[in-house]
Structures are given as C-alpha cells and as structure tokens.
Amino acid sequence: MEFKTPTSPHIHSGASVSRVMLLVVAAAIPGIAVYVGFFGWGVVINIMLALITALACEAGMLLIRKRPVLPFLADGSAVVTAILLALALPAIAPWWIVVIGAAFAIIIAKQLYGGLGYNPFNPAMAGYVMLLVSFPIEMTRWQAPLSQTDLAPGFFDSWNIIFSGLSDKITDAISMATPLDTLKTELRLDQNIDQIITGNPLFSNLAGLGWEWINIAFLVGGLFLLYKRIISWHIPVAMLATIALLSGMFYIIDPNQFSSPTIHLLSGATMLGAFFIATDPVSAATSNPGRIVYGIGIGVFTYVIRTWGGYPDAIAFSVLLMNMVAPTIDYYIKPRVFGHGQKK
C-alpha cells in the first residue's frame, strides 16, 4: 500500500501547551461572566487567590526540584488548575480554603508526582475533594443567587466577607444550599420532586436558578474547545449522554422521587466537568474508544452518587474514581497499530 505523505520540511501545527491552556481559559470566560452575574464578585476573588497561590507553589516546587521556573510557569497549566478549582468552590468561601486547596492541588496532586504530564489525578479535583472532606461546613456554605437576597454583596463586601469572616446575621442572609443539595435533603423529608421545585425559589423552569445559565455558558465554551480541536467529543458526549439516559430512565419510572434530565444536566458543575475537567489529557484515557468508556464511567458515578450518595454534585469524586481506572482502560482498550489489518 502506498502512503501519500508529503516530503519534508513539514509545517508545525502551531499547537503548544501554552496555546492549549490559553484557549481553555478563553473558553471558560463566558461561564465565569455568567457565574459572577448570578453569584457576585466572590468568584473573581477566589480565582485571584487561587492563581496567586498556584503560581507561587509551582515556582517554589520547581526551585526545590531544580527545574527551570519560567518555562513551566508560562505553560499555563497551573493557571488552568487554579481557575477550575476556584470555580468549584463556594463564592464566599474563606480565603484560607482557596489557598489550602490550590496549594494541595499544585504541590501534592501535581508536582510531587513529577509535574505536568505525570499526575495520575486531576489536580483541581484532588484539591476540591480534599477540601470537601476536611472542611465540610465551609465547603457547603454557598451564596444564594443575588436575586434571592436583599444583601447582595458588591466587590468590597465580598472581599470583607472572604477575608474577615461572616457573622451569623450575614451568613443567614446570603447563604443557601445548592439546588442539588436541596433536592437531596428535602427528598429525605418525604417531599416529592414537584413539591420541592415549585415551592422553592432556588429552582427555575429548567434547573437551579442561575445554574442553568452557568451550565449553558460552559457548554458554549466547551463547544468552542471542540471547534478548535483542543478536546475531542468522546468524553463529554459519553458523560452527558450517560447522565441523560440514566436520569431519564429513572425519571420515567418515578418522577416523584427522581429528578429530570434537565436538572442533572444543567445543575451543579455538569458542563464544567464534562468539557473542562473530565477532558484533562493527562489523567484521562488516551484512545478514542477508551475515552468513551471513561466518559460513561464518569456519567454513571455522577448519577449514582447524586441520587444515592452523600455528596450532591459528585463530579469531582466521579472524575477521580475514573482517573484511577484510566490506566486499566488504556491497557485493555488500545488504539489499533498504524497499518495493522491493512490489505497489501
């Protein structure tokens, strides 16, 4: 068989780690903007804190490991990790929560494994889960949508809350459970889905108030990454299709006890997880069939933990669980060797 390959010199595609990371950050901007619109400036402050901490820890670890600092800082991987972690945290989380999480993500989950390309777990999700397990009260204190509170904090108000702490009066005024947490809690109080949604201002016609638009914005950013071929479709499509299929099936069986697919797809960190977190090329499966299996696994774990587990969102746990399985998937589902099976 004759291969029609042009002779050298070959033109580089222009892809680089720094360019990929820059496009990921650009794709997240619509979601960040909508997030700020519904939940205030605390989101931006968290991102700033996470960025400073992540870059400082990255530089410190590189110096300790006697590696060049500027080239690795310039690749943008620490920036992406910081942004993803910050977006997963409550907008009014204390400053030390952000700092501890970002430091853990960079030092423990990334650099101690050898740095970019060697980490078996998604660093941002490892940092998030560590915080959720270690500081459950601070990590479940979410700010209510700005339209649902009379004390909508501005930038300096958010700054004071994050760095000075919350009084009980302010806490009660601006804090509220997330829609997914509310569903799980009130279902245990013998209310049905319709009663919870219609009787709670946290919910809109599609999903959680504000969260549906945040998820749609991250979906737009994810489609941009697909268009730019920064990610492939296999993981996000497999993950979202699995969540939709499972939630739709159980919703048909008993709509009073199981949430609709729109609630699962447009609440929490579903779209952020599908397009920005699960697609991490280092900790995910590598072959296209393997990526489909990997995405299906994340979708199954997400639905199971959300429905029957103790953590309402479940994206972080699902990604980390499948990070552990990714090497096994790659072992058993390998890409076909180039030219194998071709007719001579």
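Me: Is R306 buried or exposed?
Reply: The model is a predicted one. A residue counts as buried under 20% relative accessible area. For R306 the value is 6%, so R306 is buried.

Me: Which residue forms a salt bridge with R306, and how far apart are the closest N and O atoms?
Reply: Side chains of opposite charge can pair when their charged atoms come close. The partner of R306 is D313, which counts as partly exposed at 21% relative accessibility. In this salt bridge between R306 and D313, the closest N and O atoms are 3.0 Å apart.

Me: Which residues is A269 in contact with, leaving aside its neighbours within four places in sequence?
Reply: A269 is placed in the loop between helix 14 (261–265) and helix 15 (270–277). At 19% relative accessibility A269 counts as buried, as the cut-off is under 20%. With neighbours within four places in sequence left aside, the contacts of A269 are N215, R306, D313 and I315.

Me: What separates the C-alpha atoms of A269 and A316?
Reply: Along the chain, A269 and A316 are 47 residues apart. In the model, the separation of their C-alpha atoms is 8.9 Å.

Me: How many salt bridges does the count come to?
Reply: One of them joins R306 and D313. Another is formed by E58 with K110, with the closest N and O atoms 2.9 Å apart. The count comes to 2 salt bridges.

Me: How many residues apart are E58 and K110?
Reply: E58 lies in helix 2, while K110 lies in the loop between helix 5 (95–108) and helix 6 (123–134). E58 is buried, with a relative accessible area of 1%, and K110 counts as buried at 2%. The pair links distant parts of the chain, 52 residues apart.

Me: Which residues does S77 touch, not counting residues up to four places away in sequence?
Reply: S77 is in helix 4 (residues 77–88). Its relative accessibility is 5%, so S77 counts as buried. Not counting residues up to four places away in sequence, S77 touches M21, E58, K110 and L116.

Me: Which residues form a nonpolar patch on the surface?
Reply: Patch members need over 30% relative accessible area. M48, in helix 2 (residues 42–64), is partly exposed at 36%. W95 also has 36%, W159 has 34% and F163 has 32%. Together they have about 360 Å² of accessible area, and the patch is formed by M48, W95, W159 and F163.

Me: Are the rings of W95 and F163 stacked or edge-to-face?
Reply: The structure holds 18 aromatic pairs. In the pair of W95 and F163, the ring centres are 6.5 Å apart and the planes are at 10°. Planes under 30 degrees apart count as stacked, so the pair is stacked.

Me: How many residues apart in sequence are the parts that W95 and F163 tie together?
Reply: W95 lies in helix 5, and F163 lies in helix 8 (residues 155–164). The pair therefore ties together parts of the chain whose separation in sequence is 68 residues.

Me: What are the rings of F155 and W159 to each other, stacked or tilted?
Reply: F155 and W159 both lie in helix 8, 4 residues apart, about one turn of the helix. Their ring centres are 6.2 Å apart, with the planes at 35°.

Me: Which residues do ring pairs link into a cluster?
Reply: The cluster linked by ring pairs is W41, W95, F155, F156, W159 and F163.

Me: Which residues touch the most other members of the largest nonpolar core?
Reply: In soluble globular proteins, nonpolar side chains tend to be buried together. Here the largest nonpolar core has 80 residues. Those that touch the most other members are L87, Y128, F276 and Y294.

Me: What does the secondary structure of the chain come to?
Reply: The chain has 344 residues, of which 49% count as buried. Its secondary structure comes to 17 helices and 0 strands.

Conventions. Residues numbered from 1 in each chain as written. Predicted model: local features only at pLDDT ≥ 70, side-chain atom pairs only at ≥ 80, totals over all residues. Heavy atoms only, no water. Patch = residues over 30% accessible without salt bridge, like charges linked within 9 Å, V, L, I, M, F, W, Y side chains within 5 Å. Areas by Shrake-Rupley, 256 points an atom, 1.4 Å probe, with all protein chains shown as cover. Salt bridge = Lys/Arg side-chain N within 4 Å of Asp/Glu carboxyl O. Helix = DSSP H or I, 4+ residues; strand = E, 2+ residues; numbered from the N terminus. Buried < 20%, exposed > 50% of the residue type's maximum accessible area, 1.4 Å probe, protein only. Core = buried A, V, L, I, M, F, W, Y, C linked by side-chain atoms within 4.5 Å. Contact = heavy atoms within 4.5 Å. Phe/Tyr/Trp six-rings, centres within 6.5 Å; stacked < 30°, edge-to-face > 60°.
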